[in-house]
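Take a moment with the sequence and the fold. Then follow the text from one residue to the next.

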Amino acid sequence: EIIRDAERFLKDGEKMQLSYAIQNTHRTVGTRTSSEIVQRFGMRNSLQEDHLVVKLTGSAGQSLGAFAAPGLKLEVSGDANDYVGKGLSGGTIVIRPPMISPLIAAENTIIGNTVLYGATDGFLFASGRAGERFAVRNSGAKVVVEGCGSNGCEYMTGGVAVILGSIGVGIFVILLYMNQFNFSLNIISLWVFIYNGVLFAYWIWKSDAKIWEKSIAGIYLLI
C-alpha cells in the first residue's frame, strides 16, 4: 500500500507524507518501500532524511523499519514490537506515545526486544524504554532511548547509543579481538553514554592497528 501511494516519490522524487493506522499484525513496515528506494535511487542516495515520511498510528508489529534505507522516515504514534530497526541502513525511525497518553514515557516500555539488531546506519529516537538486548550488534546507527533492559549494546562495534534512564541487569560493550576485523578500514568508533548509570565509553580505531590492539582488544564492560 505504501509503495502504491508513494508513486510520485518513487517515480519523480517528489517529497511526500503519508499516514496510516497500524496494528501488531503489520510486520516489516517500510522494508519493501526501502527496497524500492534502493532500486530507484541507490543506497548512497542524495535524498533528504524526510523525503518520504510515513506516519503510523497504533501498535506496530515485529521488525518495524527493518533495513530502512536513506530517504525514508517512519514516525509512530503508539508503540512497536520486537526487532525495531533490524538491519537499519540509513533510514530514520521515531516512536512516541500518543499525545493523549497518561503514561510517563521514561517509565514505560515503548519498543520491544533486540532493537537495531545488526543496524549499520540511520537514526532511532524512542520516547520510552527499550526491551532486552537493545542495539545488539549495532555497527553504525545512532539511537536515543529513555532506558533499556538487560544486555544492552551487546557486541556493538560502532554507532552511538544514548540511554537517558535506568538499565537492566547489565550492559555489555564487547569489542572482538582485532585480528577478527578487516584492517583496511580507516576508522571504527564506538560511543556509549548512560545518563543514570554513569557509564561513558568512547574509542576510535585508526588504520595503525598495532597501536590500538593493546588498548582495546577484547574490551568487556559490565554494570
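Is Phe9 buried or exposed? Phe9 is buried, because its relative accessible area is 0%. Buried means under 20% relative accessible area, exposed means over 50%, and partly exposed lies in between (1.4 Å probe, protein chains only).

A word on the source. This is a predicted model, where local features need pLDDT of at least 70, side-chain atom pairs count only at pLDDT 80 or more, and totals for chains, interfaces and linings use all residues. Residues are numbered from 1 along each chain as its sequence is written, and side-chain values use heavy atoms, with hydrogens and water left out.

Now the rings. A pair of aromatic rings is described by the distance of the centres and the angle of the planes. Rings of Phe, Tyr and Trp (its six-membered ring) pair if their centres lie within 6.5 Å; planes under 30 degrees apart count as stacked, over 60 as edge-to-face, and the rest as tilted. The whole structure holds 2 aromatic pairs. Phe9 and Phe41 have ring centres 5.5 Å apart and planes at 40°, so this pair is tilted. Phe9 sits in helix 2 (residues 7–12) and Phe41 in helix 3 (residues 31–41), so the pair links parts of the chain 32 residues apart. Helices (H or I, at least four residues) and strands (E, at least two) are DSSP runs, numbered from the N terminus. Phe41 is partly exposed, at 26% relative accessibility.

The rings of Phe123 and Phe125 have centres 6.1 Å apart and planes at 10°, so they are stacked. Phe123 is partly exposed at 26%, and Phe125 is partly exposed at 35%. Lys142 lies over the face of Phe123, 5.9 Å from the ring centre. A charge sits over a ring if NZ of Lys or CZ of Arg is within 6 Å of the ring centre and within 35 degrees of the ring normal.

Next comes Asn138. Where is Asn138 placed? Asn138 is in the loop between strand 5 (121–126) and strand 6 (139–145). Asn138 counts as buried because its relative accessibility is 0%. Its side chain reaches the backbone nitrogen of Gly140 at 3.1 Å.

Last, the core. The largest nonpolar core has 45 residues. Such a core is a set of buried Ala, Val, Leu, Ile, Met, Phe, Trp, Tyr and Cys residues joined through side-chain atoms within 4.5 Å. Phe134 is one of those with the most contacts inside it.

Notes:
Polar contact = N/O pair within 3.5 Å; in protein donor to acceptor, adjacent residues only side chain to side chain.
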